[in-house]
Amino acid sequence: MADASPVAQLREELALHGLGAESCPANDLLQVMLDVESGDVRAAARSILDAQAAERRVERENPSASPALPTPTQSWVAWCARAVLWPVSFLGVALLWCFRLVQRFSPQRPGTDPRGLTRYAQDPKASALRWIHEMELETNGSVLRDAASFQRVPLPPFVAMSYSEALRQSKNEIRILMIVLTSRVHNEHDFFCKHVLTDPHLVRMLHSPDLLVWGGDISDREAYRVSALLEATTFPFVAFIALQPRRSRSRGRIVPHPTVLSRLEGSPQTILSASSICAHISDVLLPRTSAYLHELRSERRLREMDRELREEQNLAFENASLRDQERVIRKRDENERRIENESQRASEEHKHALLQAQKTQWRAWARAYLVPREPDLGVAPVIRVNVKMPDGRNLQRRFFPSDSLEQLYAYVDTLDVHSDDAPVSMPRDYAHSYDFHLVQTYPRRVLSLENIATLLQDVDGLGPSANLIVESSTAHNMDEDEDDDDNDD
């Protein structure tokens, strides 16, 4: 409905009140009513409905006044009357079109912007930006204090925001809000803008961190609303708002509340001159508000310090909690690793103990069933074996030539096993490995375990007698590595 023409909006408004299309006046009459009511659709609709209600009331009060069927004479008279009045009707329509053309090309009415929007359809921030821009164009000044604006006249630091935002910012930052309202139709508007708002001393004072400056023209919606709120009657108009102590009815204690401190309105050459405004700020406004505003700022700084302290304490507590959690997690991981290592070590010890038990059982079995019986003295042929143990003992024993090399190894491996009459079975799932080698002394030759099933009579160099040395597998492997290195060299 916002995009429809005013005439269409008026028709929709009449339709909402029960006025059908057959009873609705023509577009020209609707436009005339809108012009009479200054574009107010509701007021125009109310006037049309009141007029039609009055006509219906007259018809009810004078039933005889209802038109009867015209006679031929009356029809002829009516036709003559229409012929006579036609030029007058034509002149009325022509005057209406001329009125519309004059209205279209006339200067902009107060309360509207160049886009044709009423002040009730304007964006407050856009209006503030436009007002600042127009102020800069009229005074050849600049609100911003940057390198590009050094050649221009400095203006007060007007903020480009709505009045409510400026009031909220002044409250949050504990600053004095200065309101500047102007009216372009006022005779001294140009003097106020070009001589008062551009005064260097006033501009320097308004750049104080204690002040926040907002302004607007009452032709805009926001500034018009602020003028009504502050009860401004004469323009230019200046007001100052700041936080002041006031007892709260809901809280029952003194709380800071935005309060209008002072209003200045009158001629820019007397009351609203730059010197008068500066004197009012320095002699009246700041002494009145500085102590309380300083107290509010101190309280805010203390609250901020308390908040920062609490945040630091919370952060330290969180860090300590994280460290405690990490310590607990690390301790738990260490316990889990320790338990896992102990479990693994127990498992390995169990496996080792089982292996040792199987090895002991195998050695007992080998002593009973694998080690051959020693031939009697005088029996020939035999092989005499002299075995030198790692602990220095020398052992001698006779073997049959038909005995195997494995039986010789089993003999050496079971020397410390005592024979028992109890039968011993061979352990299941066990493959015995010898942890030593038998080596011939001269020439040095290792009786390899790879040919462990070889008969003693088939072993080269063993002969009727042999001298053997028991070497551990670790020393034997080291000797083999040294031999490999020598061969590589």
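This report walks through a predicted model of one protein chain, from its overall make-up to a few places inside it.

## The chain as a whole

Let's start with the big picture. The protein chain has 489 residues, and 33% of them count as buried. Its secondary structure comes to 12 helices and 11 strands.

Now zoom in on strand E9, which covers residues 436-440. How many of its residues are buried? The count is 5 of 5, so the strand is mostly covered, given that buried means under 20% relative accessible area. The cover reaches both faces: Phe-436, Leu-438 and Gln-440 are buried on one side, and His-437 and Val-439 are buried on the other.

E9 pairs with strand E11 (residues 465-472), and the two run antiparallel, joined by 5 bridges. Within this pairing, Val-439 stands opposite Ile-469 of E11. E9 also pairs with strand E10 (residues 445-447), again in the antiparallel sense, over 3 bridges. Here Gln-440 stands opposite Arg-445 of E10. If you trace the chain from E9 to E10, you pass through a hairpin of 4 residues.

## Helix H11, a neighbour of these strands

Which elements does helix H11 pack against? Its buried residues pack against helix H10 (274-370), strand E7 (383-388), strand E8 (394-399), and also E9, E10 and E11.

H11 itself spans residues 405-413 and is mostly covered, with 8 of its 9 residues buried. The buried ones are Leu-405, Gln-407, Leu-408, Tyr-409, Ala-410, Tyr-411, Val-412 and Asp-413.

Next, look for Ser-262 in strand E6 (residues 254-265). Is Ser-262 buried or exposed? Its relative accessibility is 13%, and because buried means under 20%, Ser-262 counts as buried.

What does Ser-262 touch? Leaving out residues up to four places away in sequence, Ser-262 is in contact with Val-238, Ala-239, Phe-240, His-280 and Leu-285. With His-280 there is also a polar contact between the side chains, at 2.7 Å.

## Cysteines

How many disulfides does a search of the whole structure find? The answer is 0. Cys-193 has 1% relative accessibility, so it counts as buried. Cys-278, at 4% relative accessibility, counts as buried too.

## Spaces inside the protein

The structure holds 2 cavities of 30 Å³ or more, and the largest cavity has a volume of about 40 Å³. Which elements give two or more residues to the lining of this largest cavity? They are helix H5 (124-139), strand E4 (211-217) and helix H9 (221-229). H5 gives the most, with 4 residues.

To find the spot in the structure, you can look for the residues that line the largest cavity: Pro-124, Ser-127, Ala-128, Trp-131, Trp-214, Gly-215, Gly-216, Asp-220, Glu-222 and Ala-223.

How values were computed:
Residues are numbered from 1 along each chain as its sequence is written. This is a predicted model: local features need pLDDT of at least 70, side-chain atom pairs count only at pLDDT 80 or more; totals for chains, interfaces and linings use all residues. Side-chain values use heavy atoms; hydrogens and water are left out. Buried means under 20% relative accessible area, exposed over 50%, partly exposed in between (1.4 Å probe, protein chains only). Two strands pair if DSSP finds at least two bridges between them. A disulfide is a pair of cysteine sulfur atoms within 2.5 Å. Contact means heavy atoms within 4.5 Å. A polar contact is a pair of N or O atoms within 3.5 Å; within protein, one must be able to donate a hydrogen and the other to accept it, and residues adjacent in sequence count only if both atoms are side-chain atoms. On a 1 Å grid over the protein atoms alone, a cavity is a set of points where a 1.4 Å probe fits but cannot get out, and a pocket is an open set with protein on both sides within 12 Å along at least five of seven lines; lining residues have an atom within 4 Å of a point. Grid points are joined across faces, edges and corners, and a volume is the space filled by probe spheres set on the points.
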